[in-house]
Amino acid sequence: MTPALRLALFRPDIAGNVGTILRMGACLNVPIDLIEPMGFAYSDRALARAGMDYAAQADIARHADWAAFEAWVPGRIVLLTTKGATRLPQARFEAGDTLLFGAESSGVPENVHARADLRVAIPLVAGRRSLNVAVAAAMVLGEALRQTGGWPQ
């Protein structure tokens, strides 16, 4: 069986975004990796509003830090970044890819950027900085699932 896509969050800052992404992962059967430290205390209460009861159904792996995640991650790391070299419409995803999203406030440091096997940018109107991370994750995951035939049956 072809390995599933994964979605990873690097040091997320906003509990509501994490909850939304956990809900999406649960509904689409996509495992979620959380790379710590996080910018909030991880708890059911913190995630409840956006994640609702879906957060408890999500396949979640928590990693103590970047080094632990990097040593563990299977497949390619596809970083979504405003500094991407490949525009989303031209990106080619593979089963087994881990889609990595940076912290809402700061993105990812240069060493994480450099480690990515593929860097992808969502095209935006000139003068706009970025999308909400949960919105960006939904857009990119949808395209990756389409390309890899990974949508639930």
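Two strands are said to pair if DSSP finds at least two bridges between them. The views below apply that rule and others to a predicted model.

View 1. One of the residues to look for is Asp33, whose bridge partner in strand 3 is Ala61. Strands of a sheet pair through backbone hydrogen bonds, and they may do so in a parallel or an antiparallel way. In this model seven strands form an open sheet with parallel pairing, and their order across the sheet is 3-2-1-6-4-7-5. At the edges lie strand 3 and strand 5, the latter made of residues 86–87, and each of these two strands pairs on one side only.

**View 2. His63 in strand 3.** His63 belongs to strand 3, which covers residues 60–63. Is His63 buried or exposed? Its relative accessibility is 7%, and because this value falls under 20%, His63 counts as buried. When neighbours within four places in sequence are left aside, the residues in contact with His63 are Asp33, Leu34, Ile35, Glu36, Ala68, Phe69 and Trp72.

**View 3. The aromatic cluster.** Phe10, Trp66, Phe69 and Trp72 form one aromatic cluster. How many aromatic pairs does the model contain? The count comes to three aromatic pairs. In one of them, Phe10 and Trp66 are arranged edge-to-face, with 6.0 Å from centre to centre and 65 degrees between the planes of the rings. Phe10 lies in strand 1 and Trp66 in helix 3, which spans residues 66–72, so this pair ties together parts that are 56 residues apart in sequence. Phe10 counts as buried at 3% relative accessibility, and Trp66 is also buried, with a relative accessible area of 8%. The rings of Trp66 and Phe69 have centres 5.5 Å apart and planes at 40 degrees, and therefore this pair is tilted. Trp66 and Phe69 are three residues apart in helix 3, which means that about one helical turn separates them. Like Trp66, Phe69 is buried.

**View 4. A cis peptide bond in a loop.** Glu36 and Pro37 are joined by a cis peptide bond, with omega at about 0 degrees. Pro37 is placed in the loop that runs between strand 2, residues 32–35, and helix 2, residues 44–51.

View 5. Most residues other than glycine have a negative phi. Arg11, however, has a positive phi near 45 degrees although it is a residue other than glycine. Where is Arg11 found? Arg11 sits in the loop between strand 1, residues 6–10, and helix 1, residues 15–28. With a relative accessibility of 34%, Arg11 counts as partly exposed. Asn29, which is not a glycine either, has a positive phi of about 60 degrees. Asn29 is found in the loop between helix 1 and strand 2, and because its relative accessible area of 66% is over 50%, Asn29 is exposed.

**View 6. Val78 and its surroundings.** Val78 is part of strand 4, residues 77–80, and at 0% relative accessibility it counts as buried. Which residues does Val78 touch, not counting residues up to four places away in sequence? They are Phe93, Asp97, Thr98, Leu99, Leu100, Leu118 and Val120. The C-alpha atoms of Val78 and His113 are 9.7 Å apart in space, while the two residues are 35 residues apart in sequence.

**View 7. The largest pocket.** The largest pocket holds about 690 Å³ of space. Its lining is made of 30 residues, and those that lie nearest its centre are Leu80, Thr81, Thr82, Arg129 and Ser130. Strand 4, helix 4 (110–115), strand 7 (118–121) and helix 5 (133–148) each supply at least two residues of this lining. Sorted by class, the lining of the largest pocket has 14 nonpolar, 11 polar and five charged residues.

Conventions
Residues are numbered from 1 along each chain as its sequence is written. This is a predicted model: local features need pLDDT of at least 70, side-chain atom pairs count only at pLDDT 80 or more; totals for chains, interfaces and linings use all residues. Side-chain values use heavy atoms; hydrogens and water are left out. Helices (H or I, at least four residues) and strands (E, at least two) are DSSP runs, numbered from the N terminus. Buried means under 20% relative accessible area, exposed over 50%, partly exposed in between (1.4 Å probe, protein chains only). Contact means heavy atoms within 4.5 Å. On a 1 Å grid over the protein atoms alone, a cavity is a set of points where a 1.4 Å probe fits but cannot get out, and a pocket is an open set with protein on both sides within 12 Å along at least five of seven lines; lining residues have an atom within 4 Å of a point. Grid points are joined across faces, edges and corners, and a volume is the space filled by probe spheres set on the points. Ala, Val, Leu, Ile, Met, Phe, Trp, Tyr, Cys and Pro count as nonpolar, Asp, Glu, Lys and Arg as charged, and the others, Gly among them, as polar. Rings of Phe, Tyr and Trp (its six-membered ring) pair if their centres lie within 6.5 Å; planes under 30 degrees apart count as stacked, over 60 as edge-to-face and the rest as tilted.
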